[in-house]
Amino acid sequence: MKGPATAGTGVTGKLGTITRSGGSVQATYNGHPLYTYAADSAPGQAKGNGLNLSGGVWHEVTVSGAAAPAANSSPSSSGGYGY
């Protein structure tokens, strides 16, 4: 997810940015880089939540900062993936 990011209602963690090795700016949540999943085509989708890809399991980030349950069919309120 390209930075900077703007927090929605209820977000209690710290949003920030990092500069990647190629010079692009990436949004972070509590210091962890945020990503979007390529198969999500509309706000609220979380098709990548719980998938084991690229060396680890990916989780949707909830507004509280906790990882969302791995059920891929639940709607998302955050639209991003974290650590």
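Of the 83 residues in the protein chain, 20% are buried, where buried means under 20% relative accessible area, exposed means over 50%, and partly exposed lies in between (1.4 Å probe, protein chains only). The model is predicted: local features need pLDDT of at least 70, side-chain atom pairs count only at pLDDT 80 or more, and totals for chains, interfaces and linings use all residues. Residues are numbered from 1 along each chain as its sequence is written, and side-chain values use heavy atoms, with hydrogens and water left out.

The protein chain has 0 helices and 5 strands. Helices (H or I, at least four residues) and strands (E, at least two) are DSSP runs, numbered from the N terminus. The order of elements from the N terminus is β-β-β-β-β. The protein chain exposes about 5,100 Å². Carbon and sulfur atoms supply 57% of that area. Accessible areas come from the Shrake-Rupley method with a 1.4 Å probe; for residues, only the protein chains shown count as cover. Among contacts with a separation of 6 or more, 34% join residues 24 or more positions apart; contact means heavy atoms within 4.5 Å.

An open sheet of 3 strands is present, in the order 1-2-3 and with antiparallel pairing. Strand 1 (15-19) and strand 3 (32-33) are at its edges, each with a single partner strand, so one side of each has no neighbour in the sheet. Two strands pair if DSSP finds at least two bridges between them. Strand 1 and strand 2 are paired in the antiparallel sense over 5 bridges. In this pairing, T19 stands opposite V25 in strand 2. The hairpin of strand 1 and strand 2 has 5 residues between the strands. There, G23 takes a positive phi near 100 degrees.

Strand 2 (residues 25-29) also runs antiparallel to strand 3, joined by 2 bridges. Y29 stands opposite H32 in strand 3. Strand 2 and strand 3 form a hairpin too, with 2 residues between them. In that turn, N30 has a positive phi of about 50 degrees. Strand 2 is largely enclosed by the rest of the structure, because 4 of its 5 residues are buried.

Beyond the sheet, the loop between strand 3 and strand 4 (52-53) contains N49. N49 counts as buried, at 0% relative accessibility. A polar atom of the N49 side chain lies 2.6 Å from the backbone nitrogen of E60.

The structure holds 1 aromatic pair. Y35 and W58 form this pair, which is edge-to-face, with 5.2 Å centre to centre and 90 degrees between the planes. Y35 lies in the loop between strand 3 and strand 4, and W58 in the segment after strand 5 (56-57), so the pair ties together parts that are 23 residues apart in sequence. Rings of Phe, Tyr and Trp (its six-membered ring) pair if their centres lie within 6.5 Å; planes under 30 degrees apart count as stacked, over 60 as edge-to-face and the rest as tilted. Y35 is partly exposed, with a relative accessible area of 28%. W58 is also partly exposed, at 24%.

Methods: A polar contact is a pair of N or O atoms within 3.5 Å; within protein, one must be able to donate a hydrogen and the other to accept it, and residues adjacent in sequence count only if both atoms are side-chain atoms.
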